[in-house]
Each structure stands twice: as C-alpha cells, then as structure tokens.
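Okay, thanks everyone, let me get the structure up on the screen.

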Amino acid sequence: MRPRSIRRFAAMLAAALTVATVPVAPAHAVSYVPLQGDGSSWAEPAIAQWARDMVTQGIQISYTGDGSAQGREHYIENQNDFAGSDIAFLKQGDPFNPGVENVGWNFSYIPIVAGGTTFVYNLVVGGQKIRNLRLSGLTLARIFTGSITNWSDPAITRDYGVQLPSQPITVITRSDGSGASYMFTRWLSKQYSSLWNGFCQAHGGPSPCGPTEFYPGFGGSIQKDGSDQVATFLASPISEGSIGYDEYAYALNYSLPAVKMLNSAGYYTLPTPSNVAIALQAAIIDENPSDVDFLMQNLDNVYAYSDPRTYPLSSYSYLIIPRDVGGGGNNQPPPNWNTQKGVTLGTWLNYVLCGAQSSAGVLGYSPLPKNLVVGGFTQVDHMPGHVPTPDLNQLNGCDNPTYSNGVNHLIVDAPMPSPCDKVTAPLNCAVRNGEAVNTGSGSGTGGGSGGSGGNGTTGGPTSGAGPSSSAAGNGAGSGGGTIDPNTGQILTSGFNNGGPQAVYAEPVAVAGSSDQQIILAILTVLELLAAIAVPSSIGIWLQRRRKQG
C-alpha cells in the first residue's frame, strides 16, 4: 500500500475503534455525570451488578462496599453522592462506638433489595465437605457468643442429627462497621437478650446491650474487614472449622454452604427469595411519607413469624440519597449536589426499583414488594434534579417479578418446606407418602439437606459422619419449581398464571456483563475492519492488474 493509502487506512481504523468503544448516547441525548457511592457490603453484589447494567446507557456509577457505617459517615461529610446502609442514621449511638450521627443536610431512605443474613461455614469430615448443616437459633447464638466452642458439642449434635468430630470452632466476624453485624446482633438482642447482654458486657459494652455494627472480637474468633474478606477466608482451605455470617449472595458467589436455620414454625430454612419475601410480610414499615424514617423497617415480628417458609434473619437494605425539603438537615441537599447528578441518579434508580429487581433472585437476594417500590419512587420524587418516575398507581412498565395483575407471585407461589426439613426429621431422610422417613444410620455423601415441597429423593446412605444425603423435594409448591439438592435453593419457579419462568438463587459470578460487552466490542471492531480493509485491498489489486495489462 502507498503511504497515502496507509494514512487513510489508519484514519479509518481510528474512526472504527472510536465508534466501537464510545457508549451509544441515549435517544434523548441526556448528559450524565459520574457518581460515587459507598457503604453496605451486604448489598454490594446487587448494587455493583445494577451499575454495570447501565454502563451501556452512559451512566457511570462507582460503588465501594466499605460497610454501612462508613457510607453514612461519608454522606455526613459530603464525600459521596449517595450511601448504602442496612440501617438508618444512629440517633442513640452504638454500644461499641458511641456518638449520635447528626446529618447537616437532607436525605431519604430508599429500599433497594431484600435478603437474608446467613451463616457460612467450612467443615470437612472424612475428606468430604459438609454442606447440609442445620442449626437452631439458640445454638447459633451460643456459638457466636463463645459458649459453644467445639463442633462435637451436644447442642450441635442435637440440631444436626449426628455428632461431628471434635474440632475447635473458629468464629469469623466483621471488624468494620457492618450492617450485617447490626442485623445479626439486633436479632441476638431481641431473641437471646441474656446471652447477648452477658457477652456484650464481658467485652467492654454496656448491659443491657443493644445491637452493634462493631462486633467485638473474642477468644476463638477472627475478624475480617468486609463481606468479601469473610467469604474469601471461609472459601480457603486454611479456614477449616470456621463459621461466619454474610449475605446469602456471597455464599452463592463463593460456592459456600449456608446453614439451614430453624424458624419458629419448626423448619430449617435457607434465605431463598420466597422465604425472605414470606418472612418480611411480618416487617413493620414506617408508612408515613412525612417521617424522616419513612420506609425504614422494624423486624421484631419477623424473627418469630410462624409461617413454615420464613427465614428468620431477613431484612431490607437501603440507599441514602439527597432530598429537597424535609428529611432532617437544613432543608437543603448536600453541598456537592447538582441537577446533573439528580438526572443521573434518578435514571439509575428508575431501573433499580423496576427492571433490576428481576435479577435480584439470581444474585442471591429477594426482589422488593410493590409497596416498597411505590414508596421508593415517592422518595425519588423528592430528589433534586430527578427524572420523571412511573405512575405510582399502576407502575406501568415496571418489570418487577414479585407482582402481576395485582398478585404477588413470589409469595403466592412460594413452596412449602419439605417434611425432611422439619425439626423432628432424621438427617438421612426421604419423603414417602408425604412423610419424612429415615433412610439409614450415619451420614451419606450425596449432598445437602432437602428442599421444599413434593416427593423427595435421596442418595444411598453410608456409615460414618460424612455429609448427609437428605431428601431434596422435587416439587416447589404451587409454583412447580425445581430444588437444588445441595442448597435447597429454588432453581426455577413457574407462575400459576402461565407467565414466563423466573430463575432464582443460582450461583453466579457478579462481574459477568462487562466481559460480554468487551467481546461484543471486539466483534464490532473486527466487522468494521473487514468492511474497511477488504474493499480497499480489492481496489488496490484491481489497479495493479490494470497496470500490468
């Protein structure tokens, strides 16, 4: 090729690369600005994924899961555009970090997702990982307050159904100011107050002792900074014999087994989307739009809810966003706020409260019910610079999977637990004629404890104390779903109205979509290069042929 042709080709190549790498601007040509948020690591997998979902729309949201306490502090200090927090600003301080959080500007709380704080562990017996551990609330409370220190403890044997080998328990807690710690210790303080008060006082706290974001370290415990570090440690071989608490999304993303927790109805359950949704029917939500704490949760009734499908440690996570008037402060948004930020955050929140909820179950959470979606948009309407929100009466075009034609299908179609998940059921269990039956002595090696509904199947029992092969229900209640035999998760759940299938609670890698976007961009570049290079090469070849002729 001649120098001029090479230069022309280089220019065309640069143009092609520019076209392929610059995000396509939306039809309405809105100018978005980058936003920075931080806070709850409990909700980080969902927030991070939903931020990635909107990159192709030109919206850039950077979020750091550095803990709820840090996110709220940064909002107070005007260092972020929004905060993630599992709890409200503290009005009475924290038992291990005294001080009231005074906010100098206005804010609103917006629920973005529901989920379950679960107990993840690393236990190996006879070279096999235990994946079907089931424990009562009292046993968990005693483990995390240091009064049960060995896996062979009779209380664990009684809950699990077989004695585990003698091995010290290493308890993993959070070292940062964590909403997960707060939710867990709130449950401890309400359900097992004497245990919690004694533990709290013994480690420098007051008695009586309320919930804390700063779980005290104690003998036999290790503290980790952030949900990722907790999950990473528990996924490593060096953590054998350990148990910690984390959001269910981390259990799925790191392929960690989660404890089936005994509920008030006498069933061991996991925080599947439907179990969380059922449990949070009992939550008391502040429904007064004039209150500073509008939409915040009171979970007292959730802990003891008697529905057999409930997961006791279910809760909502929130974003804290700027507000025009009301909402505390001085009737002004934070000093760093402007209209462009309102347009950007408002556009993203329209997606988060609607379409994004359809992927909540896949990520390890439970989607928001309609009343909290409506409440969330009510809050967005008070954010300076926000874009229009959907009609709050009909929510037309709001693709939330929990309701259709006025019916909350996540609750209506929620599967009942398997008889093998009942507190009286044997560890090696199958469902026959609707009853839990023992399939043999000892523990098998065929997977985790059973799921929900339907007739069960089981692997063959073996002797010893290996992982159990409890039944996994084939049915999923009226929804007709499928149950994962290792985790009890609902893998597919059909709606009774004949609508599309919904997939919930499958382990996924949180950072999947960006790779797909890169591949698509590369393919686009290759196509453009072919379109440019091939005609040029043919033209040059024809010119040479004519000269030779």
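This is a predicted model: local features need pLDDT of at least 70, side-chain atom pairs count only at pLDDT 80 or more; totals for chains, interfaces and linings use all residues.

Let's begin with Cys 200, which is joined to Cys 209, with 2.0 Å from S to S. Is this one right-handed or left-handed? The torsion about the S-S bond of Cys 200 and Cys 209 is about 50°, so we call the disulfide right-handed. Both Cys 200 and Cys 209 are buried.

Next up is the link from Cys 354 to Cys 398, again with an S to S distance of 2.0 Å. The S-S torsion for Cys 354 and Cys 398 comes out at about -105°, so that disulfide is left-handed. What this pair does is link distant parts of the chain, 44 residues apart. Cys 354 sits in the loop between helix 12 (339-352) and helix 13 (360-363), while Cys 398 sits in the loop between helix 14 (370-380) and strand 16 (403-404). Cys 354 and Cys 398 are buried too.

Last, Cys 420 is bonded to Cys 429, S to S 1.9 Å. The link of Cys 420 and Cys 429 has -80° about the S-S bond and is left-handed. And why do we call these two buried? Because Cys 420 has a relative accessible area of 1%, and Cys 429 has 0%, where buried means under 20%.

Okay, that's my tour.

Notes. Residues are numbered from 1 along each chain as its sequence is written. Side-chain values use heavy atoms; hydrogens and water are left out. A disulfide is a pair of cysteine sulfur atoms within 2.5 Å. Buried means under 20% relative accessible area, exposed over 50%, partly exposed in between (1.4 Å probe, protein chains only). Helices (H or I, at least four residues) and strands (E, at least two) are DSSP runs, numbered from the N terminus.
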